[in-house]
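Hi,

Here is the structure I promised to pass on. Have a look at it first, and then read my notes below.

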Amino acid sequence: MNQSPPYPVGTVRALLTTEHVSAKTREVLLERLTYQRGPYRFFSPEEATTLQQMADRLIPQTGYVVDLVGPVDERLAAGETDGWRYDTMPADTDAYRQGIQGLHESAQTLFGQPFDQLTTTQQDELLGQIQQGTAPGDSWQRLAADRFFEEVLAELVGIYYSHPLVQEAFGYVGMADKPGWELIGLDQLETREPKEP
């Protein structure tokens, strides 16, 4: 069943050019809109392919496709973190490398081939085991599989849902908050908020 988006196409992009959005918010969102990935600086091409396939299974995309791997690569290459991690987890750079290696080890153990060559059904089964912390492989003895899954999923979801076109698709205009929000009752809309088509 096809549903029309809550807001007309172009809503977020139109709001970005108004006084309702602060200069810094506009800068960040326009950067996301025009993002072009360069060569990978942290991941090898093989690692990037594996992470992309994992991302495709966790966040299937249709229509406009948000690059989920490029921003992770840039963050790791720059040595940036979100400022915390579980005490049982290594640094993000090590966690991603070990986790990707663990995906391949588990795939070989369970299905006799690398993760990249599994069917989507097999990939889903393996990712379910990683999520549950039951996947086989030596890498998971050094890296908590369930924590790796949780960390990767959280990062990919954050990248995806912070993209302006994704926000437009589900009707989020919270970035247009410079004047503040006065109408907070049920079904009340500020004049700057678009009406459903």
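**Salt bridges and ring pairs**

Arg 75, Asp 92 and Glu 155 are joined in a network of salt bridges. Keep in mind as you read that this is a predicted model.

In total the structure holds eight salt bridges. Another one of them runs from Arg 97 to Glu 47, where the closest N and O atoms are 2.9 Å apart. Here helix α5 supplies Arg 97 and helix α3 (residues 45–58) supplies Glu 47, so parts 50 residues apart in sequence are tied together. Glu 47 is buried, its relative accessible area being 15%, while Arg 97 counts as partly exposed at 34% relative accessibility.

Asp 124 lies in helix α6 (residues 120–132) and Arg 57 in helix α3, so the bridge ties together parts 67 residues apart in sequence. Asp 124 is partly exposed at 35% relative accessibility, and Arg 57 is partly exposed too, with a relative accessible area of 27%.

Now for the rings. How many aromatic pairs does a search of the whole structure find? It comes up with eight. Take Trp 84 and Tyr 86: their ring centres are 5.2 Å apart and their planes are at 75°, so the pair is edge-to-face. Trp 84 counts as partly exposed at 44% relative accessibility, and Tyr 86 counts as partly exposed at 22%.

Tyr 96 and Phe 148 also make an edge-to-face pair, because their planes are at 80°, with ring centres 6.2 Å apart. Tyr 96 sits in helix α5 (residues 92–111) and Phe 148 in helix α8 (residues 145–161), so the pair ties together parts 52 residues apart in sequence. Both of these residues, Tyr 96 and Phe 148, are buried. They also belong to a cluster linked by ring pairs, along with Phe 42, Phe 43 and Trp 140.

One last thing to look at is charge over rings. Arg 97, the partner of Glu 47, has its charged end over the ring of Phe 42, 3.9 Å from the ring centre. Likewise, the charged end of Arg 37 sits over the ring of Tyr 40, 4.0 Å from its centre.

Cheers

Conventions
Residues numbered from 1 in each chain as written. Predicted model: local features only at pLDDT ≥ 70, side-chain atom pairs only at ≥ 80, totals over all residues. Heavy atoms only, no water. Phe/Tyr/Trp six-rings, centres within 6.5 Å; stacked < 30°, edge-to-face > 60°. Buried < 20%, exposed > 50% of the residue type's maximum accessible area, 1.4 Å probe, protein only. Helix = DSSP H or I, 4+ residues; strand = E, 2+ residues; numbered from the N terminus. Lys NZ or Arg CZ within 6 Å of the ring centre and 35° of its normal. Salt bridge = Lys/Arg side-chain N within 4 Å of Asp/Glu carboxyl O.
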